[in-house]
Amino acid sequence: MCIFCKILKGEIPNKTILEDENFLAFEDINPQAKIHILIIPKIHIDSFDVMAPKIMGEMTSFIQKVASIVDVKNDGYRLITNIGNNGGQEVKHIHFHLLGGEKLGTIL
Ligand code: 5GP
Ligand code: ZN
């Protein structure tokens, strides 16, 4: 079982920001910005590359709620999903990184 599925089962503790029947948002254990949240679906999906558009649509609304809760909507934020080895994906359970709370470095 992957590490995020273990978090979803409660086997590994997390600092939850928001949860509903389909998604969980929690603080990254190794934050790369003042605000660094991970957002995952409750079903195991390997990566964005194999995620159904319907789930992506539902996840969009959930991520927007998370952005509201952590109060980054006015100042802006960044969403990242790493895909596969070249994308630098370490945990093979689709997740979005929500980064904010400060001016972020430019990567593109
Ligand atoms: P990836 O490199 O796969 O895009 O990102 C994986 C992220 O998961 C990393 O930012 C890492 O800090 C985070 N992470 C790994 N294990 C845990 C954990 O047990 N708890 C939490 N909260 N974050 C984790
Ligand atoms: Zn999983």
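**A guided tour**

Author: Gladly, and let us begin with Gln89: at a relative accessibility of 5%, Gln89 counts as buried. Please keep in mind that this is a predicted model.

Reader: Which backbone oxygen does the side chain of Gln89 reach at 2.9 Å?

Author: The side chain of Gln89 makes polar contacts with backbone oxygens. At 3.0 Å it reaches the backbone oxygen of Val91. At 2.9 Å the backbone oxygen belongs to Asp46.

Reader: Thank you! Which residues coordinate the zinc ion (ligand 2)?

Author: The site of the zinc ion (ligand 2) is tetrahedral, with angles of 102 to 118° among its four donor atoms. In sequence, the donor residues follow the spacing C-x2-C-x38-H-x48-H. At 2.1 to 2.3 Å, the coordinating residues are Cys2 (SG), Cys5 (SG), His44 (ND1) and His93 (ND1).

Reader: How many residues apart in sequence are the parts that the pair His44 and His93 ties together?

Author: Both are donors to the zinc ion (ligand 2). His44 is in the loop between strand E3 (35–41) and helix H2 (53–69), whereas His93 is in the loop between helix H3 (84–87) and strand E5 (96–100). The pair therefore ties together parts whose separation in sequence is 49 residues.

Reader: What lies 2.7 Å from a polar atom of the side chain of His95?

Author: His95 is in the loop between H3 and E5. With a relative accessible area of 5%, His95 is buried. The atom 2.7 Å from its side-chain polar atom is the backbone oxygen of His93.

Reader: Let us turn to ligand 1. How many residues surround ligand 1?

Author: The closest are Asp28, Asn82, Glu90, His95 and His97. A nitrogen atom of ligand 1 lies 3.3 Å from a backbone N or O atom of Ile29. Counted together, the residues that surround ligand 1 number 16.

Reader: What percentage of the accessible area of ligand 1 does the protein cover?

Author: One oxygen contact of ligand 1 is to a polar backbone atom of Glu90, at 2.7 Å. Another is to an N or O atom in the side chain of His97, at 2.8 Å. On its own, ligand 1 has 520 Å² of accessible area, and the share that the protein covers is 84%.

Reader: One last stop: how far apart are the C-alpha atoms of Val72 and Gly100?

Author: Val72 is in the loop between H2 and strand E4 (77–80). It is buried, with a relative accessible area of 2%. Val72 and Gly100 are 28 residues apart along the chain, and their C-alpha atoms are separated by 6.5 Å.

How values were computed: Residues are numbered from 1 along each chain as its sequence is written. Chains are lettered from A and ligands numbered from 1 in the order in which they are written. This is a predicted model: local features need pLDDT of at least 70, side-chain atom pairs count only at pLDDT 80 or more; totals for chains, interfaces and linings use all residues. Side-chain values use heavy atoms; hydrogens and water are left out. Donors are N, O and S atoms within 2.8 Å of the metal (3.2 Å for Na, K and Ca); water is not among the atoms, so sites may look incomplete. Four donors count as tetrahedral if all angles lie between 85 and 135 degrees; four count as square planar and six as octahedral if opposite donors are over 155 degrees apart and all others between 65 and 115; anything else is irregular. Helices (H or I, at least four residues) and strands (E, at least two) are DSSP runs, numbered from the N terminus. A residue is near a molecule or strand if one of its heavy atoms lies within 4 Å of it. A polar contact is a pair of N or O atoms within 3.5 Å; within protein, one must be able to donate a hydrogen and the other to accept it, and residues adjacent in sequence count only if both atoms are side-chain atoms. Accessible areas come from the Shrake-Rupley method with a 1.4 Å probe; for residues, only the protein chains shown count as cover. Buried means under 20% relative accessible area, exposed over 50%, partly exposed in between (1.4 Å probe, protein chains only).
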